[in-house]
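Biologist: Could you walk me through this one? I'd like to begin with charges and rings.

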Amino acid sequence: MSDNDTPAFPDRLSVDPKSPYYNEAILSRDVGIRFKGAEKTNVEEYCISEGWIRVAAGTAKDRHGNPLTIKVHGPVEPYFKD
């Protein structure tokens with residue numbers, strides 16, 4: 001795939017298929033997130049323009065069985081690992 005064929009990252013992306021910000025085409029590639037310069041592997045959702053990520057809060061679950069998340073603010077840099 002050339003650089004012209006590479007899709008740009010959306011401003012907001014979620015790994016939850018029920019979210020309106022879910023994008024299977026982008027998530028099918030190996031996506032990585034750098035947050036405050038460190039690579040994060042437990043990101044559930046991010047927003048580049050607002051500068052935040054949602055990460056799982058331990059092993060806690062909500063009443064629907066989804067992981068509880070917390071919003072952390074800082075610079076977000078998504079990238080493709082391949």
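Modeller: This is a predicted model, and in it the charged end of Arg-34 sits over the ring of Tyr-79, at 4.0 Å from the ring's centre.

Biologist: And what lies over the face of Trp-52?

Modeller: That is Arg-54, which lies over the face of Trp-52 at 5.6 Å from the ring centre. Trp-52 belongs to strand 5, where it stands opposite Cys-47.

Biologist: OK, how do strand 4 and strand 5 pair?

Modeller: Strand 4, residues 43-47, and strand 5, residues 52-61, run antiparallel to each other and pair over four bridges. Four residues lie between the strands of this hairpin, and Gly-51 takes a positive phi near 70° there.

Biologist: How many bridges link strand 5 and strand 6?

Modeller: Six bridges, again in the antiparallel sense, with strand 6 covering residues 67-73; Ala-56 stands opposite Thr-69 of strand 6. Their hairpin has five residues between the strands, and Gly-65 in the turn has a positive phi of about 90°.

Biologist: Is Lys-36 buried or exposed?

Modeller: Lys-36 counts as exposed because its relative accessible area is 54%, and the cut-off for exposed is over 50%.

Biologist: What about Ser-19, buried or exposed?

Modeller: Ser-19, found in the loop between strand 1 (12-14) and helix 1 (24-27), is buried, with a relative accessible area of 15%. Its side chain reaches the backbone nitrogen of Tyr-21 at 3.0 Å.

Terms used
Residues numbered from 1 in each chain as written. Predicted model: local features only at pLDDT ≥ 70, side-chain atom pairs only at ≥ 80, totals over all residues. Heavy atoms only, no water. Buried < 20%, exposed > 50% of the residue type's maximum accessible area, 1.4 Å probe, protein only. Helix = DSSP H or I, 4+ residues; strand = E, 2+ residues; numbered from the N terminus. Polar contact = N/O pair within 3.5 Å; in protein donor to acceptor, adjacent residues only side chain to side chain. Lys NZ or Arg CZ within 6 Å of the ring centre and 35° of its normal. Pairing = 2+ DSSP bridges.
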